[in-house]
Amino acid sequence: MDAPVYLDNHATTRCDPAVVEAMAPYWSERFANPASRSHGPGAEARAAVEAARSAVAGWIGASPKELVFTSGATESDNLALLGAARARRAAEGRDHVVTLATEHPAVLDCVAALGRQGHAVTVLPVGADGLVDPDDVAAALRPTTAVVSVMLVNNEIGVMQPVAAIAERCRARGVWVHCDAAQAASVPVDVEALGVDLLSLSAHKLYGPKGIGALYVRRTRPRIVLEPLQYGGGHERGLRSGTLPTPLAVGFGRAAELLVAERPAAFARLAALRDRLWDGLRAELDGLTLVGAAAPRAPCNLNVVVEGVEAAALLMAVRRTVSLSTGSACASEQAAPSHVLRALGLGDAAQQAIRVGVGRFTTEAEIDRALAALVAAVRDLRRLSGLALA
C-alpha cells in the first residue's frame, strides 16, 4: 500500500535530504561545543554556527548580528513578547500589549500571562475574512503601548496580515512590532520591507530540523533591548543562554539556503498544486466554502468548510490515503473548534473545516490521489447522513 499523501505541511515539513546531509558530520565527527574558543574543533563548530546564522539572516534581509538562535518559534515568541513587555515596563513604564484573536497560542498564551502579571492587554478581533484593518490596530494604541504582535501568515487559514502597514502606524507612535513568521516559508520575508522590530522563525516549518528556531531582534532605528528569559553563560549576546545545538543550526542554515535558491518559482508551484486541488474539489462537490480571504494568502494553504460533513469524520475516512488536519497541531487534542475559526464567526461550520498544506515534496499525482479520496469520502459521508448534495 502506498504511503498516505502528506498534506499537513503547516504542522511540520519533511526534513530535506540536503539538510540531513549537511547536519550529518556535526553529530559525531565535528561535535565540539561552539562556545569552546580555546581549540580548533570548537572554532570549527563556531564557524559552522555563524555560517548558518548568516544564511538564515540573509533569507529575511537581516544582519547576522540581529539573529538569536532559539529552540523554535514558540520560544522566539516568548522571548520577544515577554522580553519586550518587561523591558519596556521597567525602562519606560509602557505596560500595554496588543495582539489579534487569531494569533498562534504561543502568542496568545504569552499575552494572557502578561495580563496576569499586571500588563494591560488588548486582543483585537478580525473580519470574516480573517484580516485586521491596520487603522483598527492604530486605534487600539495607547501612550503606554509597548509592543504589538501580528503574525505574517496564519497557520490555519493562510491569510497574510498587512504587517507593513501596521508597523508603519506603530513606528510613528514608538511602539515595537513583533511578527510570528513561522508559517512564512512560502512567501517573501524581508524585515526591512515589513518594518518589524522582532520576528520569530522555526526551522521545521521550512524543511529543516525540529528543535531550532530564531528570533530577529532589530539593532538600529530603533535598537531593541529585551529582558532575557533564561540566564547562564551569556550565550547569544546574553539573550538566550545555553549550548547551541550545532547540527540543528547547520540544518537551519542549509534549509534557509535552499529556500532562497528555489524562490519565487517554488511559490508559483505551490499555488498551482493548491489550486489544482481546490478546482478539482469544486468541480466534483457542492457545498464548499473557502475559509479566509482568497488574497493575500499563502500559496501553500487551503482551508475549506465541507457542508454536511464533520471534519473529524472526513479525516478518519481518508486517513489511509491522505494526511490532513483540522487546524493547528498545537491544539489538536482539544475538542473545541479552532479559536481561529471561531474568531471568523463560523459557528457550527467550524466543525466542518479541513486544512490542507501543500509542500515542496508534493506532486501533481499526489494531489490527484488526494482529490479522488476526498471526493469519494465526502460523497459517502453525505449519503450516510441523507444530505442531498453532490
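A residue is called buried here if its relative accessible area is under 20%, exposed if that is over 50%, and partly exposed in between, with a 1.4 Å probe and protein chains only. Strands and helices are DSSP runs, a strand being E over at least two residues and a helix H or I over at least four, and both are numbered from the N terminus.

Before I go on, please note that this is a predicted model, in which local features need pLDDT of at least 70 and side-chain atom pairs count only at pLDDT 80 or more, while totals for chains, interfaces and linings use all residues. Residues are numbered from 1 along each chain as its sequence is written, and side-chain values use heavy atoms, with hydrogens and water left out.

Let me start with strand β7, residues 198-202, where five of the five residues are buried, so the strand is largely enclosed by the rest of the structure. In a regular strand the side chains alternate between the two faces of the sheet. On one side of β7 we find Leu-198, Ser-200 and Ser-202, on the other Leu-199 and Leu-201, and all of these are buried.

With β6, residues 176-180, β7 runs parallel through three bridges, and Cys-179 has Leu-199 as its bridge partner in β7. Leu-215 in β8 is also the bridge partner of Val-68, and four bridges join β2 to β8 in an antiparallel arrangement.

Turning to the helices, α4 (residues 73-92) and α5 (residues 105-116) pack at an angle of about 30 degrees with their axes 9 Å apart, which makes α4 roughly parallel to α5. Here axes are lines fitted to C-alpha atoms, for helices over the stretch in contact, and angles run from 0 to 180 degrees between N-to-C directions; those under 35 degrees count as roughly parallel, over 145 as roughly antiparallel, 65 to 115 as roughly perpendicular and the rest as oblique. Contact means heavy atoms within 4.5 Å, and the residues that meet include Leu-81 and Leu-82 in α4 and Val-107 and Leu-114 in α5.

Finally, an open sheet of three strands has the order β9-β10-β12 with antiparallel pairing, and helix α10, residues 265-284, lies across β9, β10 and β12, running at about 15 degrees to β10.

Conventions: Pairing = 2+ DSSP bridges.
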